Amino acid sequence: MTLFADVVRARANDNKVGLVFEDRSWTWREVIAEACARAEALAEIMPVPEGRQRHLGVLLENVPDYVFWLLAGALNGTAVIGLNASRSATELAADIRNADIDVIITEERLRHLVGDVSDAIGHPVLTIDGDGYAPWLAAHSGAGLPDATIAGTDIALLLFSSGTTGTPKAVIVGQERLGTLVTKVVDRISLRRDSITYLCMPLFHGNAIIMNLAPALVIGATVTLARKFSATRFADDIHRYGITYLNYVGRALSYVLNHPADPRDADSTLELAYGTEASEADIRRFGERFGCVVVEGYGLTEGVFRIGRTPDTPPGSLGRPQEGTDVRVMDENTGEECPRAEFTADGRLANPEAVGQMVAVGLAHLFEGYYHNPEAVADRVRGADFWSGDLGYRDADGWFYFAGRSSDWIRVDGENFASAQVERVLQRAPGVLSAPTFAIADPRTGDLVMCAVEMETGATFDVDAFAAFLGEQPDMGAKWWPAFIRVADKLPLTGSGKMDKAPLRRAAWQSDDDVYMRIGRTPEYRLMSDEDKATLVDEFLAHGRAALLPA
């Protein structure tokens, strides 16, 4: 049994440089010493609650202190919960309550996001300065490794992931699962002790920990930390620090490629970029530009199964399930296996009924669950099977293809959110009777937001007024803006009278109804023409995503 705490302890006497941030660096010995000081301070500040572990919330950007507190939790058996600074104060308060957070660590400049939440949780919100200093912490310098008894089932992390109900879910990641998983990841990403990783994806996201920080700990590689992802600074950082490996999510590669090439790029030190949801075109262009290998993989924060590519994987495919896992594509309504995908001559999916939810058969026992959310667990666990919540289809040769999230999940720029969150805002607009919102495929990578609008009797749809209303709503997320708005006289319902999003999602913008398209990232829309639709089809074809075009 490999605990994550054991992975951390193994670096306690390692004098190799382990962490780099801007112009500063720490050996792994110094990193662990910082973690020990924080573990001791945490034990003094907050006793372990009766009946459960201590829960620590971290509301920081990617700064060294985030790493120190994360490892402190691992060492003294505290569950660490990363809080997303891009969420509103109201949403953060709900996350804090849902995860039973006892103590929050934040910077003074982010303190306003948690307001007076200390009154709600009954415990402190502690602030540090930009260098991680605080008087209450300084007294614990020189603390030794905690003498803590840690079980494999103890929670190492609670990682928030949006779910089908619109309420964020805290995915349980246990000490043994995390320790075992990241030990395997070292080989998967070809990480060596002399590797230099670039960690620019947010640490509140499991991808940053599981695919970068934690495996670097296992092997003693050097982690170069960026406060946040910046496409303009990306290439300079790669060359400045001699980066050999990085992880990414969503559109990161695309954003980098939209900036002019640095003359040094072709001779960069970068060897491997490992991530998810980049387009085929961006994978090729990024690899050529930096002279590196780009590898895509499919996995979930919930664990259970992963799908990986091999050299013979067809373009656009996720690959095949790894380690002999039995993964099938199942119809969300009937629970029966979907037929294998068939394709037209130009690569489009010919039988939409091939799309269903990807399900790991017989592996529900590997899912550790969502913290205090039995309803969400029930949505994933059906008998002995684990339902991923992700849509896909499988061809005759067993290759899997990603087809988006289930009807209530949307993922834009690497961020998951539930359609119900968006619908609550859209349906407040004057005259709007219903505004079902759903994910459709982006022609390059990931999802786009689309909504269908049905107006109240006697009301007419004014796209300018609708857009102006959205711009005035304080709870309208920047990534929630619909890329397309379909205006329908009557929306489809299921036999039980519930909204049926499936036909809306299949048709997307290929509809006889009026469809408005957003102009760039502005709050302006225009009526979509046949020429616009043809241009969009060409964009899908150019990026190898023909199979994701509307039916």
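Predicted model: local features only at pLDDT ≥ 70, side-chain atom pairs only at ≥ 80, totals over all residues.
Helix H3 covers residues 64-76. At 1.5 Å a residue, its 13 residues should span 18 Å, and the end C-alpha atoms lie 19 Å apart, which agrees. Of the 13 residues of H3, 13 are buried, so the helix is largely enclosed by the rest of the structure. Buried here means a relative accessible area under 20%. Gly77 follows H3 and has a positive phi, near 75°.

The next part concerns two helices in contact. Two packed helices are described by the angle between their axes and the distance between the axes. For helix H7 (residues 175-188) and helix H8 (residues 206-219), the angle is about 85° and the axes are 8 Å apart. H7 is therefore roughly perpendicular to H8, because angles of 65 to 115 degrees count as such. On the H7 side, the contact is made by Leu178, Leu181, Val182, Thr183, Val185 and Val186. H8 contributes Ile210, Met211, Ala214, Pro215, Val218 and Ile219. Sorted by class, the contact of H7 with H8 holds 11 nonpolar residues, one polar residue and no charged ones.

The last stop is a loop. Glu456 sits between strand E25 (447-455) and helix H14 (463-471). Its relative accessible area is 39%, so Glu456 is partly exposed. Apart from neighbours within four places in sequence, Glu456 is in contact with Gly431, Val432 and Leu433. Thr276 is 180 residues from Glu456 in sequence, and the two are 41 Å apart in space, C-alpha to C-alpha.

Conventions. Residues numbered from 1 in each chain as written. Heavy atoms only, no water. Axes fitted to C-alpha atoms, helices over the stretch in contact; angles between N-to-C directions. Helix = DSSP H or I, 4+ residues; strand = E, 2+ residues; numbered from the N terminus. Parallel < 35°, antiparallel > 145°, perpendicular 65-115°, else oblique. Contact = heavy atoms within 4.5 Å. Nonpolar A, V, L, I, M, F, W, Y, C, P; charged D, E, K, R; others polar. Buried < 20%, exposed > 50% of the residue type's maximum accessible area, 1.4 Å probe, protein only. Expected span 1.5 Å × (residues − 1).
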